[in-house]
Structures are given as structure tokens and as C-alpha cells.
Amino acid sequence: MNVEEFRIYCLSKPYVTEEFPFDETTLVFKVMGKMFALTGLDDPEFKVNLKCDPDRSVELREQYESIRPGWHMNKVHWNTVHVDGSFSDPFFLELVDHSYDLIVQSLPKKLRDQF
């Protein structure tokens, strides 16, 4: 998995936009205006911050060295996932889906009904 494949996957989801709200190198993906994934394009190592259920975050961090508390994020709700080949692409995409789903579930019912 590389950053372009990740980008295409994120943009394939309903109501997703990509933005650079912080600077020219931090690519942020939002669903209905709420962030669910971000990555730095200037870093030679491909890593992504993803939202995660707090209990699952603990389990993932214990299981995978490449999944750590979210860099510059709320460490209870966000993980930094180093995409280094230590897990499969389908597993990584499942983490992206989980992040997206958490944001969709947090949307007001009126917005959720659009999905």
C-alpha cells in the first residue's frame, strides 16, 4: 500500500473530501467535514493517523509495534499507523474503514441518514 492507493481508497468512500488545512504537506481526509485520516506527504515513511475506538487502540498498540498513539492527536482516540509491511493491506484498509465508520456514527442523525 502506498500513499496514492490510500488516497484513492479514501476518496472512494461516500461524502469524503481531501484538504490541506494545516499546511501544504499534511493531507487530511474528511467525511461531512469531520476528519478521519491524515498523512504527511513530506515524510519518507508512509504513516497515517486514524481514529480508533479507545479499547481497540490499546489492543492494536499491544499487538503491533507499527501502531502507536496518535502523533499530535488525542492519544486515546487516535493512532499513528506506520504502513511498513508488518501487516496486510486488507488489515490496513479495515483500520481506515473503522476510522471512517466512527466519524459517520458520530454525525447527527440527519446527516447519517444520507448514507
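## Residue classes and basis

Ala, Val, Leu, Ile, Met, Phe, Trp, Tyr, Cys and Pro count here as nonpolar, Asp, Glu, Lys and Arg as charged, and the others, Gly among them, as polar.

This is a predicted model, in which local features need pLDDT of at least 70 and side-chain atom pairs count only at pLDDT 80 or more, while totals for chains, interfaces and linings use all residues. Residues are numbered from 1 along each chain as its sequence is written, and side-chain values use heavy atoms, with hydrogens and water left out.

## Overall fold

The protein chain has four helices and six strands. These are DSSP runs numbered from the N terminus (helices: H or I, at least four residues; strands: E, at least two). Along the sequence the pattern reads α-β-β-β-β-α-β-β-α-α. The radius of gyration is 13 Å, close to the 13 Å that the globule rule gives for 115 residues, so the chain is as compact as a globular protein of that length. That radius is taken over C-alpha atoms, and the rule is 2.2 Å times the number of residues to the power 0.38.

The C-alpha trace spans about 40 × 35 × 25 Å along its principal axes. Of the 115 residues, 38% are buried. Buried means under 20% relative accessible area, exposed over 50%, and partly exposed in between (1.4 Å probe, protein chains only).

## The cavity

A cavity is a set of points on a 1 Å grid over the protein atoms alone where a 1.4 Å probe fits but cannot get out; a pocket is an open set with protein on both sides within 12 Å along at least five of seven lines; lining residues have an atom within 4 Å of a point. Points are joined across faces, edges and corners, and a volume is the space filled by probe spheres set on them.

The count is one cavity of 30 Å³ or more. The largest cavity has a volume of about 50 Å³. Its lining consists of Leu50, Lys51, Cys52, Leu60, Ile67, Asn79, Val81, Leu95 and His98. E4, E6 and helix H3 (89–106) each give two or more of these residues. By class, the lining has six nonpolar, two polar and one charged residues.

## The largest pocket

The largest pocket holds about 310 Å³ of space. It is lined by 17 residues, and Leu38, Gly40, Lys47, Asn49 and Trp71 are the closest to its centre. Strands E3 (34–40), E4 (47–51) and E6 (78–82) each give two or more lining residues. E3 has the largest share, with four. The lining divides into six nonpolar, seven polar and four charged residues.

## Aromatic contacts

The whole structure has 11 aromatic pairs. Rings of Phe, Tyr and Trp (its six-membered ring) pair if their centres lie within 6.5 Å; planes under 30 degrees apart are stacked, over 60 edge-to-face, the rest tilted. Tyrosine 15 and phenylalanine 115 pair edge-to-face, at 5.0 Å centre to centre and 70° between the planes. Tyrosine 15 lies in the loop between helix H1 (3–11) and strand E1 (16–19), and phenylalanine 115 in the segment after helix H4 (109–112), so the pair ties together parts that are 100 residues apart in sequence. Tyrosine 15 is partly exposed at 40% relative accessible area, and phenylalanine 115 is partly exposed at 39%.

Ring pairs also link Phe6, Phe29, Phe46, Tyr64, Phe87, Phe91 and Phe92 into a cluster.

## Positive phi

Methionine 32 has phi near 50°, a positive value in a residue other than glycine. Methionine 32 sits in the loop between strand E2 (26–31) and E3.
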